[in-house]
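Visitor: I'd like to learn how to read salt bridges in a model like this one. Could you walk me through it?

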Amino acid sequence: MNKNDCKQVLFYAAETLNERMGTMFNEENLVLPCFQTSNQEEVFEQFCKQYFPDRLTDRYKEEGYFDFHASAFIGEGKNSVDGILLRTDIERTPTMLYHILLHELAHVFCAHNELCGDSFYKRYCMDSTLSHEEDGAVNAGYAIWRELIAEVIAFEMDDNCLVIPFREKRALLRYYEEELENGDRKRGISMILCEALTSEECEMSATWNAAQKQVAGHKPFDNPLFMDMLGLVFRKLRDNLVEIDRDFILELGSLYLCLATQLEIRKLQKMLAEEK
């Protein structure tokens with residue numbers, strides 16, 4: 001797809017959010033720079049010099065920085081713009097691109113609305129306390145939440161997404177469980193929680209008590225830590241979709257760190273058992 005095609009899909013996705021969530025995305029406040037591996041640093045530098053000069057301090061010259069389909073850039077100030085940096089040397093259908101752009105637009109929407117217009121990341125995720133343990137939990141919790149809420153919004157806005165029961169998600173859930181062992185652990189948690197929240201069992205439940213009964217017994221929610229995280233975000237979404245506070249993010253991050261510790265212990269036990 002060329003840049004014009006991508007731009008057309010972007011503003012179709014933007015119009016979806018404008019109509020359903022009251023956003024005000026338009027061609028004057030939303031930009032779409034496109035890059036390929038061959039010109040990624042050049043495009044990034046030009047884009048940031050024009051719109052996001054503070055992002056030039058990112059470590060974009062390091063290997064792996066551009067390992068993404070798309071990335072949202074959040075404008076600050078009255079006359080600022082938001083942007084989505086899009087990779088175009090990956091084959092994808094218009095339907096796939098539409099969902100990817102819904103996800104990135106959801107990031108933009110959340111960033112502007114999660115803390116009364118202020119930046120949660122800048123206020124709370126940059127060594128804001130005297131406790132390194134709390135800082136670690138807040139950063140982890142926010143990383144999990146921001147991917148989770150963006151994907152939940154994208155799912156709900158995308159009419160191509162279907163609400164299906166847990167039994168039809170088993171293979172996908174197993175895949176994300178493997179991510180916890182060998183890949184991006186925080187993203188794996190986000191996607192497991194998202195698959196649960198968008199399941200038929202959770203979508204059809206008005207209360208957490210009702211949802212918990214439906215989810216109980218399904219892996220990985222037979223693990224109490226997974227169930228506690230799901231309960232926390234389920235109640236949060238029913239109470240308020242986007243707005244967050246430090247206490248909520250700290251609790252989510254603390255549960256994640258407990259789970260990460262549990263996973264590391266299991267990995268060590270497995271290694272020791274194999275050595276015998």
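**Reading the salt bridges**

Guide: Let's start with a group: Glu41, Glu45 and Lys61 are joined in a network of salt bridges. Keep in mind that this is a predicted model.

Visitor: How many salt bridges does the structure hold?

Guide: There are 15 of them.

Visitor: What makes a pair count as one?

Guide: You look for a side-chain nitrogen of Lys or Arg within 4 Å of a carboxyl oxygen of Asp or Glu. Take lysine 267 and glutamate 264: their closest N and O atoms are 3.9 Å apart, and they form a salt bridge.

Visitor: Where do lysine 267 and glutamate 264 lie?

Guide: Both sit in helix H11 (residues 246-275), 3 residues apart, or about one turn of the helix.

Visitor: Is lysine 267 buried or partly exposed?

Guide: Partly exposed, with a relative accessible area of 29%. Glutamate 264 is partly exposed too, at 38% relative accessibility.

Visitor: Which residue pairs up with lysine 169?

Guide: That's glutamate 195, and the closest N and O atoms of this salt bridge are 3.0 Å apart. Lysine 169 is in the loop between helix H5 (132-157) and helix H6 (170-182), while glutamate 195 is in helix H7 (residues 185-197), so the pair ties together parts 26 residues apart in sequence.

Visitor: Are lysine 169 and glutamate 195 buried or exposed?

Guide: Both are buried.

Visitor: What does arginine 146 meet in a salt bridge?

Guide: Its side chain meets that of glutamate 147, at 3.5 Å from N to O. Arginine 146 is partly exposed, with a relative accessible area of 32%.

Conventions: Residues numbered from 1 in each chain as written. Predicted model: local features only at pLDDT ≥ 70, side-chain atom pairs only at ≥ 80, totals over all residues. Heavy atoms only, no water. Buried < 20%, exposed > 50% of the residue type's maximum accessible area, 1.4 Å probe, protein only. Helix = DSSP H or I, 4+ residues; strand = E, 2+ residues; numbered from the N terminus.
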